[in-house]
Amino acid sequence: MIIYGTKHRTINGSPMEAEACSHCGQTAFNSYGLMRYFHLYHIPTVPLGKTVGVQCMHCKRNRTGKELPTELTHRLKAALFSAKHTLTSIIGLIVLLLVAVALYTGVKESNAREGELIAAPAAGDLYTIRFSKVLGMENEGYDYGLMKATRVMGELVSLTVSNVGYNKAKGIRKDISKGKVNDAGYFSESEVAFTINDLQAFHASNGITAIKRP
C-alpha cells in the first residue's frame, strides 16, 4: 500500500511591527510561513507552494497572501524560506534520487558481471531463462526456468533444464538460496547444447534474465 498526499508545514518567524490590524488596531504581529508539500509515506518529497502571513498578537486575526503589502510579502519570504527551512521539504526527493543512483549503479555492475560470466561459461553456472525465448516452449503462466551448465567444450556449452517452471524469476532465486536446485530430479536428465554466441544472444534479448556462478 502506497501512502501519499499533501501536507502543510508552519515556519514561525520573528515578532514584527506592521500596518495596524483591521480588527483591533494593534500593530504588533507574529510572522509565519506555510509550506505545502507532497509526501510519500509521510516523508516530504516535492514542495508545492509557499505562503506567508502575520497574526495579530492581540486578537489573533491572521492576514495572508494578497492581504499583505507586496513589499512585506517579499521580505517575509526571504526571511522565512531560507535553504535551512526549505531543505526539509525535499528530503524525500533527495532520498529517492540517492536510491535511484544506487539501483542504477547496482544494475550496471550486475550487467557487466553477467557479461563477463556468459563470455566465459563454466560448469555449474546457473542461467535463469524464459522458456519461450530460449527453448521455444510455451508454458502458460510459468515461463521462467533454470538451466545449469554441465560441460564446456570450446565454444559449445551443454546444459540441463529444470523440470520446474515458475511464474516469476524471484521464485528461482528463492529456490537457489534454499538449495532446492540441488535436489534429485530438479533438472532433466537430458541435455541441450548452445554456443557461447547463442547464450550471449539470449542474454541480450532477455531470454536469459540472470546468471549465477556458485
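Buried means under 20% relative accessible area, exposed over 50%, and partly exposed in between (1.4 Å probe, protein chains only). The model is predicted, so local features need pLDDT of at least 70 and side-chain atom pairs count only at pLDDT 80 or more, while totals for chains, interfaces and linings use all residues. Residues are numbered from 1 along each chain as its sequence is written, and side-chain values use heavy atoms, leaving out hydrogens and water.

**Exercise 1.** Find the salt bridge of Arg213 and describe both partners.

*Solution.*
- Step 1: recall the rule, a side-chain nitrogen of Lys or Arg within 4 Å of a carboxyl oxygen of Asp or Glu.
- Step 2: Arg213 pairs with Asp125, at 2.8 Å from N to O.
- Step 3: this pair links distant parts of the chain, 88 residues apart. Arg213 lies in the segment after strand E9 (208-212), and Asp125 in the loop between helix H3 (91-119) and strand E5 (126-130). Helices (H or I, at least four residues) and strands (E, at least two) are DSSP runs, numbered from the N terminus.
- Step 4: Arg213 is partly exposed at 33%, whereas Asp125 is buried at 1%.

**Exercise 2.** Work out where Arg151 and Glu191 sit in the chain.

*Solution.*
- Step 1: their side chains meet in a salt bridge of 3.2 Å, N to O.
- Step 2: Arg151 belongs to strand E6 (residues 144-153) and Glu191 to strand E8 (residues 187-195), 40 residues apart.
- Step 3: Arg151 is partly exposed at 40% relative accessibility, and Glu191 is partly exposed at 36%.

**Exercise 3.** How many salt bridges does the rule give?

*Solution.* The count is five.
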